[in-house]
Amino acid sequence: MEVQSVQAIAFSSLTTNTIPAEFIRPEKEQPALTTFRGPAPEIPTVDLCDPDQGNLVRLIANASKEWGIFQVVNHGIPSDVISNLQAVGKQFFELPQEEKEAYAKPCGAQSVEGYGNKLQKDPDGKKAWVDHLFHRTWPPSVVNYRFWPKNPPSYREANEVYANYVREVADKLFTCLSLGLGLRGDALKEASGGEEMEFMMKINYYPPCPQPDLTLGVVAHTDFSALTLLVPNEVPGLQVLKDDRWIDAKYIPNALIVHIGDQIEIMSNGKYRSVLHRSTVNKEKARMSWPVFLEPPAEFVVGPVPELVNEENPPKYKPKKFKDYAFCKLNKLPQ
């Protein structure tokens, strides 16, 4: 299946210094017109090695209620594990187009796995300035190596090592998020599928863009995962909507960016909120990011945790199979 890559469009745009019309966002979305330029609060940063467990729980719970996003430092993932992950991802996107197309998402596939650039439907036919690669990294029963690049040769090892560390960080985050709601420590992990929870790696590649003020790498959205753990490269671009203003996320080397996804908002009955975010692009440099989406299995039913629902707090969301939630979201259908 041939993929019309944004990388190729970006290369041809170098001569014209313009971008095709389908990439130009409406004025209400253009970064030049909508990014807040005044003094703005910073996304919370949490030290995951804080010896005061109560304080750690409080900081994570507050960030998840007020922002839906936070950065974690001292998370226990060695810097060389992160740099290896970034290196092999970058090398994949630098391969010739025909090599990348060997991993293209099959036409008509129900899963998002594979190489491509189309994801959500856009009612206006607009496109995002990004190519991506999706593949599951955990549990072993759902890993399909058909979508794992064989070149560079160290790709598989770098991703498997990273996946093992991510599982440890995820367990700690789920525990803190559960305790922050007054639940037992394993409550939210179990409500997300427990040991069957699926880890979906995505590599975003945003090529240099001659008109970055007019387009977006990823349009405003919330993640339909439970949690998203993201590593960016050094090129800024993540923006978060806070108090009706689009503000830039500060780049912290080796930090992980944690997004609260839709499923945790549902499980917490709205106490934690899924963060609305988007990505801008750069004129000179390629921006890349490596989010891992922690998702319930397709048939797993997600709804508000029963302990958080009572007469004063009736359920705000109806229980639904994760695959049905994802289908509605991708096709812009009501939930």
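Colleague: Are W148 and Y155 buried or exposed?

Modeller: This is a predicted model, in which local features need pLDDT of at least 70, side-chain atom pairs count only at pLDDT 80 or more, and totals for chains, interfaces and linings use all residues. Residues are numbered from 1 along each chain as its sequence is written, and side-chain values use heavy atoms, leaving out hydrogens and water. A residue is buried under 20% relative accessible area, exposed over 50% and partly exposed in between (1.4 Å probe, protein chains only). By that rule, W148 and Y155 are both buried.

Colleague: What kind of pair do the rings of W148 and Y155 make?

Modeller: Rings of Phe, Tyr and Trp (its six-membered ring) pair if their centres lie within 6.5 Å; planes under 30 degrees apart count as stacked, over 60 as edge-to-face and the rest as tilted. The structure holds 10 aromatic pairs. For W148 and Y155 the centres are 6.4 Å apart and the planes stand at 85°, so the pair is edge-to-face.

Colleague: How far from the ring centre of W138 is the charged end of R167?

Modeller: A charge sits over a ring if NZ of Lys or CZ of Arg is within 6 Å of the ring centre and within 35 degrees of the ring normal. The charged end of R167 sits over the ring of W138, at a distance from its centre of 3.6 Å.

Colleague: Which elements do the buried residues of α9 pack against?

Modeller: In helix α9 (residues 322–330) the buried residues are F322, Y325, A326, C328, K329 and L330. With contact meaning heavy atoms within 4.5 Å, these buried residues pack against α8 (262–267), β12 (287–295) and β14 (320–321).

Colleague: What is the relative accessible area of P39?

Modeller: P39 lies in the loop between α2 (31–34) and β1 (45–47). P39 is exposed, and its relative accessible area is 80%.

Definitions and conventions:
Helices (H or I, at least four residues) and strands (E, at least two) are DSSP runs, numbered from the N terminus.
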